[in-house]
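Reader: I'd like to walk through this one with you, a question at a time. Could you put it up first?

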Amino acid sequence: MNGAAPDGICLDAEGAIWLASPVSREVLRVRQGGEVTHRCATPGQAVACMLGGPDMRTLFVLTTKVMLAPEESLKTLPGAIHTLAVDVPGFSARLLQPRLSTASTPMGLSATKSRCAL
């Protein structure tokens, strides 16, 4: 995976995983056997990801600055939630009902939307 270090992961309907890599500041989609199909840069260190939204085709990515002292984190509030539109929905999309609201972001988190392509 060339410089990536997996942290948070989620599964899509084709059995591939999306993984957050804080070291390389990106999310990657990886098929069984290790084939990387997508690499999407993130504006911060990606630490978690989850597929959701009405059609399960939105990848929510949590970014932050890792290795900060708790006091520094409270001062700077470095966390942000970003969204990427993806082609393959999340696993079990028919069984899950999204319960997310886009009306507000807690604790001063910023939110951005973008599109991920090959």
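Reader: Let's start with a side chain: is Arg-31 buried, exposed or partly exposed?

Author: First, this is a predicted model, where local features need pLDDT of at least 70 and side-chain atom pairs count only at pLDDT 80 or more, while totals for chains, interfaces and linings use all residues. Residues are numbered from 1 along each chain as its sequence is written, and side-chain values use heavy atoms, leaving out hydrogens and water. Buried means under 20% relative accessible area and exposed over 50%, with partly exposed in between (1.4 Å probe, protein chains only). Arg-31 has a relative accessibility of 37%, so Arg-31 is partly exposed.

Reader: Which residue does Arg-31 form a salt bridge with?

Author: A salt bridge here is a side-chain nitrogen of Lys or Arg within 4 Å of a carboxyl oxygen of Asp or Glu. For Arg-31, the closest N and O atoms of the pair are 3.7 Å apart. The partner is Glu-35.

Reader: How many salt bridges are there by this rule?

Author: In general, side chains of opposite charge can pair when their charged atoms come close. One of the pairs here is Arg-31 with Glu-35, and another is Glu-26 with Arg-39. By the rule above, the count is four.

Reader: Where do the two ends of the Arg-29 and Asp-12 salt bridge sit?

Author: The closest N and O atoms of Arg-29 and Asp-12 are 2.6 Å apart, and both residues are buried. Strands (E, at least two residues) and helices (H or I, at least four) are DSSP runs, numbered from the N terminus. The two residues are 17 apart and link distant parts of the chain: Arg-29 is in strand E3 (residues 26–30), and Asp-12 is in the loop between strand E1 (9–11) and strand E2 (17–21).

Reader: And Glu-26 with Arg-39: which strands does that pair link?

Author: The closest N and O atoms of Glu-26 and Arg-39 are 2.7 Å apart. Glu-26 has 9% relative accessibility, so it counts as buried, whereas Arg-39 is partly exposed at 35%. The two are 13 residues apart, and the strands they link are E3 and E4 (residues 36–41).

Reader: Zooming out, in what order do the elements of the chain run?

Author: The secondary structure comes to one helix and eight strands. Of the 118 residues in the chain, 36% count as buried. Read from the N terminus on, the order is β-β-β-β-β-β-α-β-β.

Reader: Which strand pairs with E5 over seven bridges?

Author: Strands pair if DSSP finds at least two bridges between them. E5 (residues 45–52) is mostly covered, with six of its eight residues buried. Cys-49 has Val-61 as its bridge partner. The pairing is antiparallel, and the other strand is E6 (residues 58–64).

Reader: Which residue in the hairpin of E5 and E6 takes a positive phi near 90°?

Author: Five residues lie between the strands of this hairpin. In the loop between E5 and E6 you'll also find Met-56, which has a positive phi of about 60° although it is not a glycine. The residue with phi near 90° is Gly-53.

Reader: How far apart are the C-alpha atoms of Leu-59 and Val-86?

Author: Leu-59 sits in strand E6 and is buried, with a relative accessible area of 0%. Its contacts (heavy atoms within 4.5 Å) beyond neighbours within four places in sequence include Trp-18, Val-27, Leu-84 and Val-86. Leu-59 and Val-86 are 27 residues apart along the chain, and their C-alpha atoms are separated by 6.7 Å.
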